[in-house]
Amino acid sequence: MSAESTTAINRSIVDLLDFIDWSGVECLNHNTAHSLPNAIKQGYREDEGLYLESDADEQLLIYLPFTQVVKLHSIVVKGPEEEGPKTVKLFSNREHMGFSNVNDFPPSDTAVLTPDNLKGKPVVLKFVKFQNVRSLTIFIEDNQSGSEVTKVDKIALFGTTVETTDMKGLKKIEDNH
Amino acid sequence: MVLEATMICIDNSEWMRNGDYSPSRLRAQADAVSLICGAKTQSNPENTVGILTMGGKGVRVLTTPTTDLGKILACMHELDIGGEMNIAAGIQVAQLALKHRQNKNQRQRIIVFAGSPVKYDRKVMEMIGKKLKKNSVAIDIVNFGEDDDGKPEKLEALLAAVNNNDSSHLVHVPTGPNALSDVLISSPVFTADGEGGSGFAAAAAAAAAGGVSDFDFGVDPNIDPELALALRVSMEEERARQEAAAKRAADEASRQGKEEEPSSNSQDATMTDNTNNTAAETTEKTADPMDEEKSLLERAFAMSMGTSVSDTSMADADTSKATDEDKELALALQMSMQDDTKDPSNQSDMSKVLGDQSFVSSILTSLPGVDPNDPSVKDLIASLQGQPESSEQKKKEDEPPKDDK
C-alpha cells in the first residue's frame with residue numbers, strides 16, 4: 001500500500017470561490033440593484049462599478065454554503081473608504097440566520113476592518129475555529145463612516161479543502177496491485 | 001410557481017359585524033381567505049399558509065404555516081368577533097411565525113386584512129415596514145371597511161417602506177355590489193401568483209356569480225376558448241341582427257332591403273354553423289327581394305332556435321309548411337307568404353314591423369347579457385308583444401287556407 005494517499009499533502013491556500021454552492025446563497029437587506037454576485041463572482045468583483053449595497057439600513061447578512069467541507073484561512077473585504085464595512089462577524093455552520101438572532105450566539109470570529117483591509121489586505125482568521133466549515137454566514141454590522149448604506153466591492157475567501165481530491169493518485173495505487 | 005409561506009392576518013374586531021360587505025365583513029374575509037389558500041396551494045403544492053387573528057383579546061395564531069387546507073378552513077369557521085385590531089402586533093407575530101417556518105427555502109409573505117381603523121401612527125408603520133424589508137418579507141394589504149382619515153396614508157407608508165421590487169401590494173376594496181373576494185381575484189394579490197394561481201383565480205371568477213373579472217362574459221379564454229369565442233361571436237351576431245332588424249324596419253318604407261343582405265350575410269358567416277351557410281347560399285340563389293327578407297328572418301329564427309329547427313326551416317322555406325312546434329316561425333313564414341300574395345304596401349310594412357318586433361322580443365329574451373327578469377326588459381317585451389298579439393290571432397285564422405303552397 002503506497003503511502004501516497006496518506007501522506008500529509010501540503011495543500012496550498014486557494015480561493016474558495018469554486019466551492020461556493022450558488023443554489024443556496026442568500027443575502028438579506030441588500031439592494032436588489034446591487035446584489036451579492038457583484039461582490040463575489042469572478043469578474044464582477046474586480047469591477048469597481050459593481051458593488052453590493054445594503055438597503056433598509058447599514059447591516060448586511062450573507063449566507064454562503066459550500067459544496068464540500070473547507071477550512072477557512074483568511075478573507076479579503078474590499079470597499080470604499082467611507083461606506084465600506086467596519087465590523088464583520090463570521091459564523092460557521094449556522095443555517096438561515098436572521099438579523100434577530102445574530103446576537104444570540106457568539107461569532108466564530110470577528111474582524112474589524114481598517115482602511116488597509118478595505119484596499120485589499122487580507123484579514124487572517126482564527127484558523128482553528130474554521131476547520132470544518134460547511135457554510136459561512138457573514139454579518140456586516142456597521143460601516144466605516146456610520147452612513148445609511150454599506151457598500152462592498154469584493155469579498156474573497158481563502159482556505160483549503162478537507163476532502164481528498166487527488167483521484168489520480170488513488171488510481172495509481174490500484175494499478176500496482 | 002414561486003415557493004412561498006404566507007401568513008394571513010384577519011381582522012376580527014368589532015367593526016367586522018358591519019354588513020356592508022355581504023354577508024358580513026367577517027364572512028367576506030373568510031371567503032377571501034379560503035380563495036387565497038386555494039390559489040396558493042394550487043400554484044405550488046409546497047406552499048404553506050397560516051392564519052392569525054388580530055382582534056379579540058390579542059393577537060392569536062390559529063394555524064402556523066401548513067399545506068393542509070382542511071385545517072385552515074376549520075379555523076375559519078371558529079372565528080368570533082370582538083376587541084380591536086392591533087395591526088402592528090399582528091404583523092410582527094406573523095413575521096415571527098414565518099421565521100420559524102419549516103422549509104427555509106420558502107419566501108415569506110404576509111397578507112393583512114385591514115378593516116378597522118389603524119391606531120398606530122405613520123412612523124410606527126414605516127418602522128415595521130423597514131423591518132419586514134430587511135428580513136425580505138413581502139406584504140399584501142387589503143384595505144376595506146372603515147375609512148377614517150389617515151388610514152390610507154398609513155397603509156401607503158407601510159407599503160412604501162416594505163416594497164422591494166414591486167413584490168408587495170396594497171388593494172383598496174370599496175363597498176359595493178362586488179364581493180370582497182371578487183375584487184381580490186382580479187387584484188395583484190392573486191394575479192401575482194403566476195400562471196397556476198391566475199388560472200385558479202380565473203376559474204373562481206367564472207364560477208362566482210356576477211364576479212368582477214377582466215374577461216368578458218366572466219369566461220376566461222385560457223380555460224374555455226371555444227365558449228368565450230362562441231359567446232363573443234353570438235353577441236356580435238345579436239347586435240348585427242338587431243341592427244339588421246332596425247334597418248329593415250326603416251328600409252321597408254323606402255324598399256331598400258337588399259343592401260343589408262350582404263352585410264348581414266358576412267356577419268353570419270363568422271358563426272361556425274354550416275347549415276346557416278348553406279341557408280345563405282340557397283337564399284342568395286333566389287335573388288328575389290321577398291325571398292331574401294323571408295329567408296333572412298328564417299335564418300335569424302333558425303339561429304335563435306337551434307340548428308335542427310334551421311334544417312327544417314331551410315327545407316320548408318319554399319314550401320312554407322309551418323312547423324307546429326314553433327308558432328313564431330310559422331308566423332314569420334305566414335307573413336312572408338302574405339307579402340307574396342298581398343299588396344306589399346301598408347299591410348306588409350306593418351306586418352313586417354310587427355314581425356320584427358315579435359322576433360326582436362324573442363331575440364331580447366335569448367340575449368346572453370339580458371336578464372329576462374329585469375323589470376325594464378319585461379316592460380319592453382310586453383310592449384312589443386302587446387301590439388302583434390291581436391294581429392297574430394288574425395293571422396292564425398288565415399293559416400289553414402294558406403298552409404299548402
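This is a predicted model: local features need pLDDT of at least 70, side-chain atom pairs count only at pLDDT 80 or more; totals for chains, interfaces and linings use all residues.
1. Arg122(B) and Glu126(B) sit four residues apart in helix 4 of chain B, so about one helical turn separates them. Their side chains form a salt bridge, with the closest N and O atoms 3.4 Å apart. Arg122(B) is partly exposed, at 44% relative accessibility, and Glu126(B) is also partly exposed, at 26%.

2. Helix 4 of chain B also deserves a look for what it does at the chain boundary. Lys134(B), in this helix, pairs with Asp57(A), which lies in the loop between strand 3 (52-53) and strand 4 of chain A. The two form a salt bridge with an N to O distance of 2.7 Å. How accessible is Lys134(B)? Its relative accessibility is 11%, and because the cut-off for buried is under 20%, Lys134(B) counts as buried. Asp57(A), at 17%, counts as buried by that cut-off too.

3. Chain B brings 10 residues to the contact and chain A brings 11. About 950 Å² is buried between them, and carbon and sulfur atoms give 47% of that area.

4. Helix 4 (residues 122-134) supplies the largest share of the chain B side, namely three residues. As for the make-up of that side, five residues are polar, five are charged and none is nonpolar.

5. The largest nonpolar core has 32 residues, and Ile62(A), Phe66(A) and Ile138(A) have the most contacts inside it. Several elements of chain A each supply at least two residues of this core, among them helix 1 (37-40), strand 5 (87-92), strand 8 (133-140) and strand 10 (154-161). Which element gives the most to this core? Strand 4 of chain A does, with eight residues.

6. Leaving aside residues up to four places away in sequence, Ile62(A) touches Leu36(A), Leu52(A), Leu136(A), Ile138(A), Ile140(A) and Ile155(A), among others. Its partners also include Glu26(A), Cys27(A) and Thr137(A). A second, separate core has 30 residues, including Ala28(B), Ala32(B), Val49(B) and Phe190(B). In general, nonpolar side chains of soluble globular proteins tend to be buried together.

7. Finally, some salt bridges inside chain B. Lys119(B) pairs with Glu84(B), the closest N and O atoms being 3.4 Å apart. Lys119(B) is in the loop between strand 4 (107-114) and helix 4, while Glu84(B) is in the loop between helix 2 (69-77) and helix 3 (87-99), so the pair ties together parts of chain B that are 35 residues apart in sequence. Glu84(B) is partly exposed, with a relative accessible area of 44%.

8. One more group to check by eye: Glu4(B), Lys40(B), Arg109(B) and Asp140(B) are linked in a salt-bridge network. For the structure as a whole, the search gives 15 salt bridges over all chains.

Note on methods:
Residues are numbered from 1 along each chain as its sequence is written. Chains are lettered from A and ligands numbered from 1 in the order in which they are written. Side-chain values use heavy atoms; hydrogens and water are left out. Contact means heavy atoms within 4.5 Å. Buried area is the accessible area (1.4 Å probe) that two parts lose on being put together, summed over both. Ala, Val, Leu, Ile, Met, Phe, Trp, Tyr, Cys and Pro count as nonpolar, Asp, Glu, Lys and Arg as charged, and the others, Gly among them, as polar. A nonpolar core is a set of buried Ala, Val, Leu, Ile, Met, Phe, Trp, Tyr and Cys residues joined through side-chain atoms within 4.5 Å. Buried means under 20% relative accessible area, exposed over 50%, partly exposed in between (1.4 Å probe, protein chains only). A salt bridge is a side-chain nitrogen of Lys or Arg within 4 Å of a carboxyl oxygen of Asp or Glu.
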